[in-house]
Amino acid sequence: MSINYIGFEGIEPHSIIVWIKGNKQCGKTVCYSQDEVEQALDWHAGKYDSHIFC
């Protein structure tokens, strides 16, 4: 019996942004380039208290 894995087998993410509001992790954004990181920060930074990069 073999195991079938289902999922994404593409490129590794450039970075993952974890969004924090009220001392809780409430979302994440997976970015595959520095341009996507900058775009995510522009779009979402004002909605959350802070963020961390993984």
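Before the first stop, one term: two strands count as paired if DSSP finds at least two bridges between them. Keep in mind too that this is a predicted model.

Stop 1: Select residues 15–21, which are strand 1, and then strand 2, which covers residues 24–31. The two strands run antiparallel and are joined by seven bridges. Then pick Ser15, whose bridge partner in strand 2 is Cys31.

**Stop 2: the turn.** Strands 1 and 2 form a hairpin with two residues between them. Click on Gly22 in the turn: its phi is positive, about 60°. Now go to Asn23, in the loop between strand 1 and strand 2. Asn23 has a positive phi of about 65°, although it is not a glycine.

**Stop 3: around Thr29.** Go back to Thr29 in strand 2 and show its side chain. Which side chain does the side chain of Thr29 make a polar contact with? The partner is the side chain of Trp19, at 2.8 Å. Next, show what else is around. Leaving aside residues up to four places away in sequence, Thr29 touches Ser15, Ile16, Ile17, Trp19, Ala40 and His44.

**Stop 4: the other partner of strand 1.** Select residues 50–53, which are strand 3. Strand 3 runs antiparallel to strand 1, and four bridges join them. For one of the pairings, find Val18 and its bridge partner in strand 3, Ile52. Now look at strand 1 as a whole: five of its seven residues are buried, so strand 1 is largely enclosed by the rest of the structure.

**Stop 5: out on the surface.** Finish by selecting Phe8, Ile11, Val30 and Tyr32 together. These residues make a nonpolar surface patch of about 420 Å². Zoom in on Phe8, which sits in the segment before strand 1. Phe8 counts as exposed because its relative accessible area is 65%, and the cut-off is over 50%.

Methods. Residues numbered from 1 in each chain as written. Predicted model: local features only at pLDDT ≥ 70, side-chain atom pairs only at ≥ 80, totals over all residues. Heavy atoms only, no water. Polar contact = N/O pair within 3.5 Å; in protein donor to acceptor, adjacent residues only side chain to side chain. Contact = heavy atoms within 4.5 Å. Patch = residues over 30% accessible without salt bridge, like charges linked within 9 Å, V, L, I, M, F, W, Y side chains within 5 Å. Areas by Shrake-Rupley, 256 points an atom, 1.4 Å probe, with all protein chains shown as cover. Salt bridge = Lys/Arg side-chain N within 4 Å of Asp/Glu carboxyl O. Buried < 20%, exposed > 50% of the residue type's maximum accessible area, 1.4 Å probe, protein only.
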